[in-house]
Number of protein chains: 2
Amino acid sequence: MLALTILGNNSAIPAWDRNPTAHILQSLEECYLIDCGEGTQIQMAKYKIRRSRLHHIFISHLHGDHYFGLIGLLTSMSLLSRTQDLHLHAPAALEQIINLQLSVAGVQLSYPLYFHAITTENIIVDDNKITVKSFKVKHRIECWGFLFTEKRNPRKIDSVRISAYEIPKTFYEKLQKGEDYITKKGTIIPNEEVTVAGIKPKSYAYCADTIYDETLVEKIKFVDLLYHEATYLKNLQERAAERFHSTTIQAAAIAKQAEVKKLLIGHFSSKYEMLDEFLSEATEVFENTELALQGVSYRI
Amino acid sequence: MLALTILGNNSAIPAWDRNPTAHILQSLEECYLIDCGEGTQIQMAKYKIRRSRLHHIFISHLHGDHYFGLIGLLTSMSLLSRTQDLHLHAPAALEQIINLQLSVAGVQLSYPLYFHAITTENIIVDDNKITVKSFKVKHRIECWGFLFTEKRNPRKIDSVRISAYEIPKTFYEKLQKGEDYITKKGTIIPNEEVTVAGIKPKSYAYCADTIYDETLVEKIKFVDLLYHEATYLKNLQERAAERFHSTTIQAAAIAKQAEVKKLLIGHFSSKYEMLDEFLSEATEVFENTELALQGVSYRI
């Protein structure tokens with residue numbers, strides 16, 4: 001089970017009470033921070049995101065509206081005496097910026113910070129709960145998208161049906177993994193007879209800042225939730241292309257081609273105060289679209 | 001005439017809806033930004049501070065709560081196509097940090113940014129309105145205070161009394177500067193006879209983050225408004241000293257010794273939600289004390 005909380009949905013300049021980009025993906029045990037615009041630590045406090053559940057931060061690219069809040073968050077966690085590991089996945093140049101800022105302040109972090117430079121499309125996190133893949137997106141500078149996929153959830157023991165068989169409890173873990181049970185007499189009790197499927201693993205794709213790019217489709221095919229930027233309304237398609245951004249209907253077209261379950265659009269240009277047209281334009285192309293709104297959690 | 005607007009009054013970590021340090025000193029024509037914690041550009045928008053009136057930014061030291069908002073403000077002004085000059089006065093190492101952040105983003109600012117490294121106690125701004133002096137304060141790392149002093153305001157012509165004399169209007173500018181007038185017959189008309197004093201020039205001293213340090217007194221003697229940090233209440237004097245910070249009564253003692261008109265205290269530790277004790281402790285030592293509260297403008 002995953003849920004996505006939006007901490008910032010504006011592009012470039014903070015405006016209209018909209019903060020720059022930051023997403024929190026939450027599983028039952030963990031939370032993952034994706035991009036970290038200025039003010040993210042304040043937004044995290046506001047929406048009660050516990051820093052202690054955060055062990056991985058992903059930065060898509062080094063435009064300021066996607067990372068200027070990071071150094072403040074990192075140093076605050078140190079001031080609060082964090083001791084847990086923290087893994088930072090980001091374009092290589094960020095490491096020097098952080099080290100420089102820590103060194104001029106004479107700060108040594110209270111916790112181990114592991115910097116992982118993203119250099120290629122690859123699996124960058126793979127633990128017993130989730131895998132995270134980086135994929136290239138086309139923007140003005142080096143920029144990465146992230147695909148989060150839950151690990152297959154264990155099957156559940158059907159307590160009523162299993163009571164009809166003599167299966168030792170020590171075998172339950174294997175049943176949960178899908179194995180059949182073979183009795184001493186050699187009779188096979190098929191797994192499906194005594195278990196039911198676990199919750200279907202969910203997936204979330206974050207496409208960062210990107211020009212309209214159909215090569216994305218294969219990378220995010222069939223995800224449960226797709227976040228695709230929509231900086232502009234459809235009438236500004238040329239400006240969007242010039243700046244390597246997308247429009248509402250371009251985001252929706254990618255969602256449609258990728259046959260995703262749901263589309264979330266955000267990274268709205270500061271020129272727009274009202275957002276209703278973003279939704280109406282996108283839903284015309286891909287119906288199951290929602291606006292990324294600050295403070296809202298989208299269950300995946 | 002000067003007024004000081006507080007954009008952030010908290011130390012280290014944002015908490016209790018208090019932002020990290022940023023002050024705006026406003027004269028009739030200009031505004032001066034002193035320190036720039038994370039979120040300052042958002043606070044400037046909230047309190048309607050016009051960026052176009054800003055030509056000088058002063059950074060006291062390179063602890064994050066005093067400058068992490070700077071890069072966001074600088075790049076936002078560029079995104080908004082600013083063309084006016086901007087002067088940044090700060091410890092030398094900040095230049096490299098800014099240049100690095102601009103370069104990884106491929107950003108060239110739309111306006112000229114002049115970096116002035118502060119290296120000694122000196123007059124760092126001196127125009128026809130104001131002088132700004134840097135002075136050393138004692139903190140864990142290199143740290144500067146700033147003394148703002150308005151230029152002497154021109155004397156005002158007393159229109160009733162001057163009508164008794166035949167003084168050509170072309171001489172009025174000299175009268176405003178304080179010169180006497182000598183008639184063709186050689187009679188001296190003393191300046192005080194036909195003019196009254198202009199508004200008294202005001203002064204503001206910003207002491208940044210500092211341990212209790214009586215050598216400050218001479219540097220800020222008699223200012224109209226003194227901002228002195230008070231990170232802790234008086235019972236935490238030892239902790240304050242360890243961290244090169246001050247308490248309420250230490251700030252007030254400096255104000256008293258310096259015989260300032262008014263004291264403003266701020267940079268409150270995140271451990272305190274309520275601030276009333278800060279005021280009651282400080283006023284016991286120096287009566288004309290106020291708390292630095294966000295969004296409030298203090299007329300000097």
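This is a short walk through a two-chain predicted model, from the overall layout down to single residues.

Let me start with chain A. It has nine helices and 18 strands. Its C-alpha trace spans about 70 × 55 × 35 Å along the principal axes. Of its 300 residues, 43% count as buried. Now the contacts in chain A with a separation of 6 or more. Residues 24 or more positions apart account for 64% of those.

Next, the domains. Chain A is assigned two pieces: domain 1, covering 3-153 + 199-299, and domain 2, covering 156-196. Taken over C-alpha atoms, the centres of domain 1 and domain 2 of chain A are separated by 42 Å.

Now the pair. How many degrees does it take to turn chain A onto chain B? The turn is 179 degrees, with a shift of 0.1 Å along the axis, and the RMSD is 0.2 Å. The two copies are therefore related as by a two-fold rotation axis. Look along that axis for G39(A). Its C-alpha is the nearest to the axis in chain A, at 2.9 Å. The same surface is used by both copies, since 100% of the contact residues of chain A recur in chain B.

What does each side bring? Chain A puts 27 residues into the contact, and chain B puts in 28 residues.

On to the sheets. Chain A first. There is an open sheet of seven strands with mixed pairing, in the order β7-β8-β9-β14-β15-β16-β17. Which strands sit at the edges in chain A? They are β7 (122-126) and β17 (289-291), and each pairs on one side only. Neighbouring strands in this sheet are turned by 20 degrees against each other on average, ignoring direction.

One pairing to zoom in on. In chain A, β9 (residues 144-150) and β14 (residues 203-206) run antiparallel and are joined by four bridges. Find L147(A) there; its bridge partner in β14(A) is A205(A).

Switch to chain B. Here an open sheet of seven strands, again with mixed pairing, has the order β7-β8-β9-β14-β15-β16-β17. β7 (122-126) and β17 (289-291) of chain B have a single partner strand each, so one side of each is left without a neighbour in the sheet.

L264(B) has E290(B) as its bridge partner in β17(B). The helix packing on this sheet is α10 of chain B, residues 276-285. It touches β16 and β17 of chain B, and its direction makes about 165 degrees with that of β17(B).

Stay in chain B for one residue. I6(B) lies in strand β1 (residues 3-8). Buried or exposed, with 23 C-beta neighbours inside 10 Å? I6(B) counts as buried, because 20 or more is the mark for that. Beyond its neighbours within four places in sequence, I6(B) is in contact with H23(B), G266(B), A292(B), L293(B), Q294(B) and V296(B). S280(B) is 274 residues from I6(B) in sequence, and their C-alpha atoms are 20 Å apart in space.

Most residues other than glycine have a negative phi. D35(A) is not a glycine, and has a positive phi of about 65 degrees. D35(A) sits in the loop between β3 (31-34) and α1. It counts as buried, with 28 C-beta neighbours inside 10 Å. E259(A), also not a glycine, has a positive phi of about 50 degrees. E259(A) lies in the loop between α8 (248-257) and β16 of chain A. E259(A) is exposed, with 11 other C-beta atoms within 10 Å.

How values were computed. Residues numbered from 1 in each chain as written. Chains lettered and ligands numbered in written order. Predicted model: local features only at pLDDT ≥ 70, side-chain atom pairs only at ≥ 80, totals over all residues. Least-squares fit on C-alpha atoms with pLDDT ≥ 70 in both. Contact = placed C-beta atoms within 7 Å. Domains from an automatic or database assignment. Pairing = 2+ DSSP bridges. Helix = DSSP H or I, 4+ residues; strand = E, 2+ residues; numbered from the N terminus. Axes fitted to C-alpha atoms, helices over the stretch in contact; angles between N-to-C directions. Buried ≥ 20, exposed ≤ 12 C-beta atoms within 10 Å, placed from the backbone.
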